[in-house]
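User: I am new to this structure and would like to learn how its features are read, one at a time. Could you take me through it slowly?

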Amino acid sequence: MRALVFTGPGAMELLDMPEPDVADGDVLVHVRSAGICGSELHGARHPGFRVPPLIMGHEFAGVSDDGNPVIINPILSCGRCDLCARGLRQICRHRAIIGVHRAGGFAERVGVPRSALVPLPDRLAWDAAATVEPAANAVHAWQLAGGARDKRVAVLGCGAIGLLCLLVALADGATSVDVTDLAPGRADAARRLGASAASAAPEGEYDVIIDAAGTAVTRAQSVAHQRPGGTAVWLGLNEPPAAFDGQDLVRGEKRVLGSFAYSDEEFARATALIREWDLAWAAGYPLAEGAGIFTELMNGGLDPVKALLRP
Ligand SMILES: [Zn+2]
Ligand SMILES: [Zn+2]
């Protein structure tokens, strides 16, 4: 079968690969659409969390070998540790992720644990189905923030996660959602989706700030532009450093929360929300073009906010 394989730092190749292993308890999935995540563009340049050779792809949907359309929930948890027992399977001590720690969706077929399959609702398009996973990240961030109703919100970074955090905030009844991005095209996409203002950097003060970029600069902004007693939620993973004014955080009783993945309930909510949304900022491409598409995205030469590969 054909697969897009991460073969070394900065190298993605379309290769003929052996058929996937389908272990006991696994199901073969015929992939229909798989989204390329910003974390993968970063991970291909800086191997560490992801070790080559690897078929990436943790945002995908397809048809199971027994003929059922499915969305994959790629977070695998042990079900036995103290955190799983508390219902926090997204931070399971033995967490593994499909497409990170085992082969993922940038392939014609992939074997996944049966527990990772979520039934695809009727009439949900394949690209929308593959966008449920990043949308679930946005639902979780808002869950941690205590919801968006009647709040003045800022979203820093208008990649797919930033736009989805904007859409969840609007669906929840935020008073206003301002966004920032350095790329004018992305700020325009956010405006079309309902952002009240778009700029290169935040101005003024917000009840909740979502950092969907994850740089030292946006992390500092998320504290500086948070009202006293407000909340910042960080999802972005662009770089490790965080430099913010700790005295400001103390004196203003400000809060910073890390957000990773989602619960099963949040994944289900994302599945229900996604069909309401305009996903014109996402574009699908044949898997055969995957190496070029991935490389251009990695080097900033291509502009859809989200690219999906269709095997
Ligand atoms: Zn992702
Ligand atoms: Zn666990």
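User: How many bridges join E4 to strand E5, and do these strands run parallel or antiparallel?

Analyst: Before the answer, please note that this is a predicted model, in which local features need pLDDT of at least 70 and side-chain atom pairs count only at pLDDT 80 or more, while totals for chains, interfaces and linings use all residues. Residues are numbered from 1 along each chain as its sequence is written, chains are lettered from A and ligands numbered from 1 in the order in which they are written, and side-chain values use heavy atoms, with hydrogens and water left out. In general, strands of a sheet pair through backbone hydrogen bonds, either parallel or antiparallel. Strands (E, at least two residues) and helices (H or I, at least four) are DSSP runs numbered from the N terminus, and two strands pair if DSSP finds at least two bridges between them. Here, 3 bridges join E4 to strand E5 (residues 69–72), and the two run antiparallel. Within this pairing Ala61 stands opposite Ile71 in E5, and in the hairpin, with 4 residues between the strands, Gly67 takes a positive phi near 95°.

User: Which residues coordinate the zinc ion (ligand 1)?

Analyst: Donors are N, O and S atoms within 2.8 Å of the metal (3.2 Å for Na, K and Ca), and water is not among the atoms, so sites may look incomplete. In this model the zinc ion is coordinated by Cys37 (SG), His58 (NE2) and Glu59 (OE), at 2.1 to 2.5 Å, and the donors follow the spacing C-x20-H-E along the chain. Distant parts of the chain are linked in this way, with Cys37 in the loop between strand E3 (26–35) and helix H1 (38–45) and Glu59 in strand E4 (residues 59–64), 22 residues apart. Both Cys37 and Glu59 are buried.

User: Why does Lys306 count as buried, and what does Lys306 touch?

Analyst: Lys306, which lies in strand E17 (residues 306–310), counts as buried because its relative accessibility is 3%. Contact means heavy atoms within 4.5 Å, and, not counting residues up to four places away in sequence, Lys306 touches several residues, including Cys37, Glu59 and Trp281. A polar atom of its side chain also lies 3.1 Å from the backbone oxygen of Ile36.

User: In what order do the 6 strands of the open sheet come, and how are they paired?

Analyst: The order is E12-E11-E10-E13-E14-E15, and the pairing is parallel. The edge strands, each pairing on one side only, are strand E12 (197–199) and strand E15 (255–258). Inside the sheet, 5 bridges join strand E13 (residues 206–211) to strand E14 (residues 226–234), where Val208 stands opposite Thr231 in E14.

User: Which strands does helix H7 touch?

Analyst: Helix H7 (residues 216–224) packs on the sheet and touches E10, E13, E14 and E15. Among the buried residues of H7 are Ala216, Arg219 and Val223.

Note on methods
Buried < 20%, exposed > 50% of the residue type's maximum accessible area, 1.4 Å probe, protein only. Axes fitted to C-alpha atoms, helices over the stretch in contact; angles between N-to-C directions. Polar contact = N/O pair within 3.5 Å; in protein donor to acceptor, adjacent residues only side chain to side chain.
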